[in-house]
Amino acid sequence: MRDVIVVGAGPGGTAAAKYLASKGYDVVIYEKRQEIGAPKRCGEGISFGGLERLGLELPKNCVRQVINSALVYAPDNSHVEVSYGKDYGYVVERKMFDKWLAEEAVRKGAKVKAKTYIKEVLKEDGKVVGVRGEHLGEEFEEKCKVLIAADGIESKISRMAGLNTTANPMLVDSGFQYEMTGIKISDPKKIHLYFGNDIAPRGYIWIFPKGEDVANVGIGIVGKSQKSAKEYLSEFVEKTEGLKDGSILEVNSGGIPIGGLMNKMTLDNFLAIGDAAHQVNPINGGGMYEAQFAARIAADVIDEGIQKGDTSEKQLDKYNKKWWEERGNKLKKVEKIREVSEKLSDEDFNFLAKELKGDNLIDFSRGQGLKGLGKILIKKPHLAKYVKGLHLEF
Amino acid sequence: MGWKWDKNKCLRCGGCVAVCPTQALELTENGIEWDESRCIHCGICEEFCPVKAIKVKKEKKEDKK
């Protein structure tokens with residue numbers, strides 16, 4: 001009998017295992033893929049602030065590029081520079097980063113087993129008690145006190161456990177990305193974000209440099225678009241100087257949760273973290289920090305529960321409450337800003353690019369500065385109606 | 001009615017599995033598996049697929065009797 005079984009060795013799963021192992025628990029992570037960290041599922045950016053709050057000091061081999069600002073482009077190519085005034089974050093190499101996180105968990109006493117496919121969640125009296133899986137052809141059954149689903153957006157484990165995590169298709173972006181080389185990046189310290197209904201309907205295109213001639217070039221759009229994410233990105237690459245003659249090192253795709261934050265992420269002896277629980281920043285789709293942040297709360301609540309001999313849903317509900325208190329409510333505000341941005345026409349984006357300053361955009365991604373946005377929106381009659389959606393009080 | 005999956009286009013990302021409202025899809029070792037009994041032919045997976053690897057055939061106008 002394990003104390004805790006974690007399914008999924010992404011940043012959330014490995015963080016949960018690390019925290020629990022540090023508290024002395026017997027914890028194992030099962031990863032269905034044969035390699036941790038591959039294929040990657042994102043632009044690979046993470047801020048220094050996030051890393052610091054998580055207490056992570058990255059080894060050099062995980063870091064590809066230091067970032068100090070972001071250029072946000074409107075459809076007319078005018079842009080707002082979001083400058084942090086200093087180095088602000090990294091573009092990491094997920095293949096190294098995720099493996100390093102797993103190594104850290106193991107250093108604290110956790111076990112990891114890649115290429116382990118969980119086929120069934122075992123239940124007794126309707127309550128989760130363990131898993132049945134297969135590792136390289138060998139079937140096994142294992143009991144646990146608590147099962148953590150950290151298996152990404154499709155979260156099969158949650159479904160098998162009985163928690164409905166089916167995402168609203170409007171709240172999952174269709175994502176597609178190339179890692180490219182043989183391209184020209186004028187300043188690798190800058191990330192680039194392109195908005196516009198013709199280039200990325202209700203989403204955006206990103207360039208996250210990994211050096212002077214390497215970058216993640218990706219797109220996230222609402223699924224119900226005229227063309228596929230791949231087609232929109234190909235068009236962008238074709239018409240962009242510096243990219244169009246580039247080579248493709250890697251192709252990634254996937255669903256990016258951009259909302260649908262869940263009030264209930266728990267069952268008896270079970271909880272979900274990370275993408276599996278739709279824990280992402282609804283504006284930038286960033287999930288690495290969110291997953292690890294939630295993992296710490298989850299580990300604390302599970303620790304308390306196991307000590308009391310009570311890992312019932314009622315006890316684990318503290319995880320729901322704490323997460324909403326410390327993170328969810330903030331992300332909910334970010335979601336409101338995204339909801340407004342989805343309604344904007346290209347002209348509106350052009351207008352906002354002139355009105356907004358870089359600092360505004362930093363605030364928005366943190367769920368702050370809604371009032372400032374409201375004040376700009378009411379300048380245009382057709383935008384004023386969206387102010388209501390921000391739930392502001394003037 | 002039917003559901004077609006192009007294994008050569010598919011990147012096995014599982015996005016379709018995540019958005020399927022009836023949990024009719026599963027990402028397995030063999031790729032995307034379709035459970036006809038659960039599928040309601042809504043086409044959300046087709047709309048969502050970043051690389052257009054899925055085609056959903058909806059009911060024909062004249063039903064064969």
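## An Exposed Leucine in Chain A

At 62% relative accessibility, A:Leu136 counts as exposed, where exposed means over 50% relative accessible area, buried under 20% and partly exposed in between (1.4 Å probe, protein chains only). A:Leu136 lies in the loop between strand S10 (127-135) and strand S11 (138-149) of chain A. Its phi is near 45 degrees, a positive value in a residue other than glycine.

This is a predicted model, in which local features need pLDDT of at least 70 and side-chain atom pairs count only at pLDDT 80 or more, while totals for chains, interfaces and linings use all residues. Residues are numbered from 1 along each chain as its sequence is written, chains are lettered from A and ligands numbered from 1 in the order in which they are written, and side-chain values use heavy atoms, with hydrogens and water left out.

## Chain A as a Whole

Chain A contains 11 helices and 18 strands; these are DSSP runs numbered from the N terminus, helices being H or I with at least four residues and strands E with at least two. The radius of gyration of chain A is 21 Å, close to the 21 Å that the globule rule gives for 394 residues, so the chain is as compact as a globular protein of that length. That radius is taken over C-alpha atoms, and the rule is 2.2 Å times the number of residues to the power 0.38. The C-alpha trace spans about 60 × 50 × 40 Å along its principal axes.

Of the 394 residues of chain A, 58% count as buried. Among contacts (heavy atoms within 4.5 Å) between residues at least 6 apart in sequence, 69% join residues at least 24 apart.

## Backbone Features in Two Loops

In chain A, the peptide bond from A:Ala38 to A:Pro39 is cis, with omega near -10 degrees. A:Pro39 belongs to the loop between strand S2 (27-30) and strand S3 (45-47).

In chain B, B:Arg12 occupies the loop between strand S1 (2-5) and helix H1 (15-19). Its phi is near 60 degrees, again positive in a residue other than glycine. B:Arg12 is partly exposed, with a relative accessible area of 32%.

A search of the whole structure finds 0 disulfides over all chains, a disulfide being a pair of cysteine sulfur atoms within 2.5 Å. The sulfur of B:Cys10 has its closest cysteine sulfur in B:Cys16, at 6.5 Å, too far for a bond. For B:Cys45, also in no disulfide, the nearest cysteine sulfur is that of B:Cys42, 6.3 Å away.

B:Cys10 is buried at a relative accessible area of 13%, and B:Cys45 is buried at 9%.
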